[in-house]
Amino acid sequence: MDTDDRRRAAVRGSIEGLAHGDAFGERFFALFRPEAEARRLIAHRQLPPEPRWHWTDDTAMALDLLAVLAEHGEVRQPALVARFAATYRADPGRGYGSGMHALLPRAAAAPAEWRELAHALFGGEGSLGNGAAMRVAPLGAWFHHDLDRAADQAARSAEVTHAHPQGVAGAVAVAVAAALAARGAPLALTEIAARTPDGLVRQGLLRAAQLPPGTPPEEAAATLGSGRRIRADDTVPFALWCAARHPDDLPTALWTTAAGLGDVDTTCAITGGVVAARTGTTALGEQWTSKREPLPEWTTTV
């Protein structure tokens, strides 16, 4: 397989895996209360029932990022902001977080001011949420041949909405993981941490690397966080721990991630986008693929 074919296969697998994880996880996140019912289904690997699994803002923003890469070959921040704002305006009910509800309408009205607007969120600190991390795995697959560039482009993609250093760090970690997966390289959490900017995300990755073999995912989630705080540092380490635990088995990686509950659509989107950059989504089978909302037709040509 030549370099272009490998990139296309990795990117296609990653965006499909991300969307599958997102839509699969969202069913548990949205439908099942109390948690005991979700845990019962996950323990028995019973797929969530109908209605059709719809993907959320995780996939919508990943598609926008992928479209910018397809058009420009790199992250062009003004173009990315414009796409995010237009997609939000067309369908604001995809489950966007509070930061994006505050940012994207303003960015649509004043696109040249995106940098100031992103930095102004959350009292001027910028968002340290998991939104930049949730959408970035296909970018890592795109730049898998160059880990430094994958990290740099991930940071650029994050800055337009998640200006806090830890929001950026979460995106860098996921992009590096997806690049390693696309290469067929080991998903070594210590290597990912070494390329992640210093701070809570990096510290969480190093804690994840130290968990004993055989740690149950529920215990790992309790130790690392599974997105209940919707922050990059309590989302990315657990999701990448799940990916690293099952780098060649997408269904098992997603079930493992779901067992942590929390922000389960986002953790599963991250895990799915990373693992499927290596494996593709064939192993999920029709039971999964027939349930999920399809992606736009243009994604088949990227």
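This is a predicted model: local features need pLDDT of at least 70, side-chain atom pairs count only at pLDDT 80 or more; totals for chains, interfaces and linings use all residues.
Which residues does T266 touch, not counting residues up to four places away in sequence?

Residues are numbered from 1 along each chain as its sequence is written, and side-chain values use heavy atoms, with hydrogens and water left out.

**View 1. The annotated set.** UniProt's unreviewed entry lists T56, D57, D58, D263, D265 and T266 under "binding site" (such annotations may be inferred rather than shown by experiment). They span 211 residues of sequence yet cluster in space, with a largest C-alpha distance of 12.7 Å.

View 2. D57 sits in helix α3 (residues 57–72) (helices are DSSP runs of H or I, at least four residues, numbered from the N terminus). At 6% relative accessible area, D57 is buried (buried means under 20%, with a 1.4 Å probe and protein chains only). Leaving out residues up to four places away in sequence, D57 touches R94, G95, Y96, G97 and M134 (contact means heavy atoms within 4.5 Å).

**View 3. T266 up close.** Now for that opening question: leaving out residues up to four places away in sequence, T266 touches D58, N130, M134 and T235. T266 belongs to helix α16 (residues 264–279) and is buried too, at 2% relative accessibility. M134 turns up again here, having also been a contact of D57.

Technical notes. Helices (H or I, at least four residues) and strands (E, at least two) are DSSP runs, numbered from the N terminus. Buried means under 20% relative accessible area, exposed over 50%, partly exposed in between (1.4 Å probe, protein chains only).
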